[in-house]
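Subject: Structure handover

Hello,

Here is the structure I promised to pass on. Please open it and keep it in view while you read my notes.

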Amino acid sequence: MTILRWQNDVSPVFFIVPALIVYTGFFIYPLVKLLELSLYKWDGILARKFIGLRHYEKLLGDERFWEALSHNFYWMIAAIIVPVLFGLLLAILLSRSSMYGSIIFRTIFFMPQVFSSVTVALIWQWIYNPSYGAINVFLTSIGLEQLTQGWLGDSALVLPSLFIAWSWVHYGFTMIIFIAAIDAVDEVFFDAAKVDGANLWQQFRHILLPSIRGALTTIILVTAISSFQIFDLVYVLTRGGPGDASMVVPVYMLESAFTLRRVGYGATVAIAMGLVIVGFSVLFLALRGIYRDSD
Amino acid sequence: MAYTAIAGFLSLIVVFPLVWVIATSLKDRRQIIQNPLGLPEVYQWANYADAWQEGNFGAYFINSILVVIPTALGVVVLSLLAAYAFAMYRFRGKNALFTFFLIGLTVPLGILIIPIFYQMVSLKLVNNLWALILPQTAIGLPFAILLLRGFIQELPKEVLDAGRIDGCSNWGILRFIVMPLSRPALLSVMIFNIVWVWNQFLLPVVLIQKASARTLPQGLSVFMGRYGADFGLLMAGATISFIPVVIVYIIFQRQFIKGIAAGALSGI
């Protein structure tokens, strides 16, 4: 890397100031404001009242909040398994650069990543529709009518159904990171293993897995973090219903602040969510640091 | 060939819903009911005209463009300036400033939506597209600065020294040497932000209440609630909202994927 000596025209800080102003004004300021709001009881309109940490006490005993958070954790665990495995499978399939049409398949499989989540919601609303949706129509047509369900209206099925819709997008992310990691592995290792008579599982276990460990850490943590930010799909498809069966923390935050007009409490929910996410981010940075040191 | 067949079969999970959306957008009511899964017999292009005008997707489309362009340009220009200074110069407080920007990588936009709403209320920007542009530019900066700083640090030393010897000013080195050489990274940042901002949903849901200022994803969700039964129109609206971003993705997929991979894999 080059370090240039600064010439005496303008200070280098001058180049940073524009970014700093926007970043401070529209990111740092709201962040500080969020902490402040959580200390006040406020309906968003009338005068607010300072109540110290009372919202935090209330949060600890708020069953709706804990239920929403448990749904996010459920989501996180499922997310670490389903889209990660599917993405890995596809990456192994598609990273064989010799495969016919590999590039086109990469393009197709990754495409849901660029759809807006409202488009995704629209597609899955149709797939799950109880009367004309793809799943129930298909089940009926093969004579399994007794298995048809109201996928998004049943409190036992709604969360897994939403999760599947989300996974339909998220696997594209895991796939692309795995492909990048696998492509970086020297083909020579696989050739040598084949010469030595290693089977597919042994190749996977002893060559592929060790070389994608860093990518795997990244994917698991990014996936974990995004599991706590599930908003769009749930908001469009169920708003957390039926009852609170699919309530997740971000939707609960919005409901508290804007529907129920408990702005300070909504801010407290946001902070709790932020703490979980920052916790995972710090863990992520620490683990990345470890991998970098051992490289 | 066997692998191609497996991949082809699996790709149906993407291709099938997509073809269905587009096929439905070209059917009239009768065809949708009688032949829900087939291809349209008669192409009903009127659905698009109706969605564009009566469904207001024309206005939503323009609003989305008016948000995406200033945001993506803002992120690219501001982050290039900052990344250049961070990558190439020594100055007091540099590490502290850089760390200050890194805070933005750990806090997602979603948790700030409540204070952002009241900030926009006091700035009288609710229902104004600037309410979407400013926060998204701010939240886009940390990652862009990190990515560009990394890229600029790797530029060949000789070229930069040549510029210095030729008497370029600090500004001149940025303008005539660093900026042209950084084009691939700038494009990555730009494409990544275009796609992200185009699809942003939470911010408009809270900050835009007036129908005429809605962006595409928000307009589509309102449309789902109101015209949920008129599938042809609904799917035409959905197609209008995803076609531009799919085109951008297909043209620039290398840069886009590079942006995503860099975001996930770059060491900090």
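To begin, is H11(B) largely enclosed by the rest of the structure or left open? It is largely enclosed, because 13 of the 17 residues of H11(B) are buried. Buried means that 20 or more other C-beta atoms lie within 10 Å of the residue's own; exposed means 12 or fewer, and partly exposed is in between, with C-beta atoms placed from the backbone. Helix H11 of chain B covers residues 183-199. Its first and last C-alpha atoms are 24 Å apart, close to the 24 Å expected at 1.5 Å a residue. That expected span is 1.5 Å times one less than the number of residues in the helix. Helices (H or I, at least four residues) and strands (E, at least two) are DSSP runs, numbered from the N terminus.

Some ground rules. This is a predicted model: local features need pLDDT of at least 70, side-chain atom pairs count only at pLDDT 80 or more, and totals for chains, interfaces and linings use all residues. Residues are numbered from 1 along each chain as its sequence is written, while chains are lettered from A and ligands numbered from 1 in the order in which they are written.

Chain A
Chain A has 13 helices and two strands. Its radius of gyration is 24 Å, well over the 19 Å that the globule rule gives for 295 residues, so chain A is more spread out than a compact globule. The radius is taken over C-alpha atoms, and the rule is 2.2 Å times the number of residues to the power 0.38. Of the 295 residues, 41% count as buried.

Chain B
Chain B has 15 helices and zero strands. Of its 268 residues, 47% count as buried. The domain assignment, which is automatic or from a database, gives domain 1 (2-44) and domain 2 (65-219 + 244-265). Their C-alpha centres lie 37 Å apart.

Where the chains meet
The contact takes 71 residues from chain A and 70 residues from chain B. Two residues are in contact if their C-beta atoms, placed from the backbone, lie within 7 Å. On the chain A side, helix H1 (residues 13-37) gives the largest share, 15 residues. By class, that side has 52 nonpolar, 13 polar and six charged residues. Ala, Val, Leu, Ile, Met, Phe, Trp, Tyr, Cys and Pro count as nonpolar, Asp, Glu, Lys and Arg as charged, and the others, Gly among them, as polar.

The core
A nonpolar core is a set of buried Ala, Val, Leu, Ile, Met, Phe, Trp, Tyr and Cys residues joined through C-beta atoms within 7 Å. The largest one has 169 residues. Leu233(A) and Val195(B) are among those with the most contacts inside it. Helix H5 (residues 57-88) of chain B supplies the largest share of this core, 17 residues. Val195(B) touches residues including Val114(A), Val245(B) and Phe256(B), leaving out residues up to four places away in sequence.

Most residues other than glycine have a negative phi, and most peptide bonds are trans. The bond from Gly241(A) to Pro242(A) is cis, with omega near -5°. Lys124(B) is not a glycine, yet its phi is positive, about 55°. Lys124(B) is exposed, with 9 other C-beta atoms within 10 Å. Asn127(B), also not a glycine, has a positive phi of about 75°. Asn127(B) counts as partly exposed because it has 15 C-beta neighbours inside 10 Å.

Best wishes
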